[in-house]
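Here is a friendly briefing on charged side-chain pairs. Have the model open beside you as you read.

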Amino acid sequence: MNENEIREILQALYDTPLSSKNLLVNRDEEINSLNAICFYQPKGVYGLCGETGGGKTTILNFIEPGVGKRVYVRLTEKESKEIIIGDMLYKLAKEIEKHEEKGKLLTTAKKSIEFIIEERSETRSIGASGGIFVSGNFSKTTTHTRKFNIYHAYELLDDILNLLIEKYNRIILLIDELDKEKKEEVLIILDSLKNIFDKQGLIVILSLPFAIYREYAKDRLRWNESGNLENILKDTYFLEPLSNEQIQEVILKRLRKYPDFLDSDALYEIARYSDGNPRDALWISQQIVLNNLHKKRITGNIAVKTIKKITKKYFENSLQLTDLQEAVLNTITQYGNRNIIVKKLEEKGIKRQTAYTYINRLKENGLIIERNGQLKVSGKIFYIISK
């Protein structure tokens with residue numbers, strides 16, 4: 001491979017949200033469902049949940065219901081609930097400022113931008129300054145902090161949404177990056193915004209942590225009682241991890257100009273490592289390329305050696321496995337059923353309760369994954385323990 005070809009391959013494997021459906025794999029159902037909600041539902045807040053790197057931003061990019069005004073907001077400031085809501089207001093106002101030329105909506109947007117900038121500047125300035133008192137040989141510095149005016153932020157956000165609905169009749173508000181926050185913090189934010197978002201003609205779709213989907217599903221299954229999430233979210237959609245075959249398709253679609261660069265065995269190893277996560281698949285694919293720049297073709301053996309090298313580099317110092325943990329993990333690589341795994345461990349002299357305890361702990365720590373009732377060793381761990 002020459003330099004230009006390597007550069008093209010790495011660019012094709014670069015992890016970025018998709019804007020072309022030509023590269024999309026197995027996400028049409030979620031996109032069509034969310035577009036139907038945007039088109040038909042009168043109002044409501046909906047969650048898009050999944051693992052980090054699973055494609056939530058890509059799904060949001062393809063939400064085009066054909067009615068109303070689509071507004072996309074990507075959050076970046078996340079120090080606290082107040083800052084996140086302030087950032088939401090600021091980004092929404094900036095989107096309006098881009099597209100509106102005059103009128104009350106533009107005026108309110110500019111007012112909101114000025115408010116957020118002033119609030120952030122004053123809060124930081126006061127927090128960084130302080131008074132110094134000197135008495136004899138003793139000195140003390142005092143720091144004064146000023147809370148963000150969250151109530152005025154709510155008022156401005158409410159005003160902007162009302163003006164948007166008044167002008168466009170229907171608003172599709174897409175809010176990205178909330179999935180990076182802790183579940184408890186996200187719930188507090190959503191609970192504080194539920195009345196503001198409860199407007200006829202307003203559809204809000206947010207990217208949310210996977211843990212919220214689990215809790216929402218439990219709330220829906222409760223008998224004759226409602227959970228807290230049902231009071232906030234009308235529904236949630238979960239992006240299932242891709243299958244090994246679909247991960248291979250993701251890579252092949254991106255390398256359509258170089259279809260033979262990765263052989264079928266190499267594609268299999270990349271998929272095995274990724275655990276169905278496109279971001280992990282693209283990352284390890286890039287690492288394989290960068291570690292084998294002189295190779296004209298990547299075989300399965302090359303992929304395995306490189307993945308082992310990379311996992312050792314990143315995990316060797318942070319992951320110390322006991323003999324018992326390795327025994328459990330190696331048994332799981334051979335058998336997926338929990339009961340069979342426990343039985344095989346018992347045959348090795350490990351007590352039944354101990355086996356269950358280790359399985360649960362390894363699962364909590366992310367070393368093993370449970371999907372559709374079957375256990376499997378995480379792809380990253382698999383290449384560390386495999387001989």
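In this predicted model, Asp158 and Lys199 meet through their side chains in a salt bridge, at 2.4 Å from N to O. A salt bridge here means a side-chain nitrogen of Lys or Arg within 4 Å of a carboxyl oxygen of Asp or Glu. The structure holds 26 salt bridges.

**A link between distant parts of the chain**
- Asp158 sits in helix α6 (residues 150-168) and Lys199 in the loop between α7 (183-197) and β6 (202-208), 41 residues apart.
- Helices (H or I, at least four residues) and strands (E, at least two) are DSSP runs, numbered from the N terminus.
- Lys199 is buried, at 10% relative accessible area, whereas Asp158 is partly exposed, at 24%.
- Buried means under 20% relative accessible area, exposed over 50%, and partly exposed in between (1.4 Å probe, protein chains only).

- Lys194 and Asp191 form a salt bridge, with 3.2 Å between the closest N and O atoms.
- Both residues lie in helix α7, three residues apart, or about one turn of the helix.
- Lys194 is partly exposed at 28%, and Asp191 is partly exposed at 34%.

**Another pair, and a network**
- Glu370 and Lys363 meet in a salt bridge at 2.6 Å, N to O.
- Salt bridges that share partners join Lys56, Arg74, Lys78, Glu177, Asp179 and Lys180 into one network.

**Reading the values**
- Local features need pLDDT of at least 70 and side-chain atom pairs count only at pLDDT 80 or more, while totals for chains, interfaces and linings use all residues.
- Residues are numbered from 1 along each chain as its sequence is written, and side-chain values use heavy atoms, leaving out hydrogens and water.
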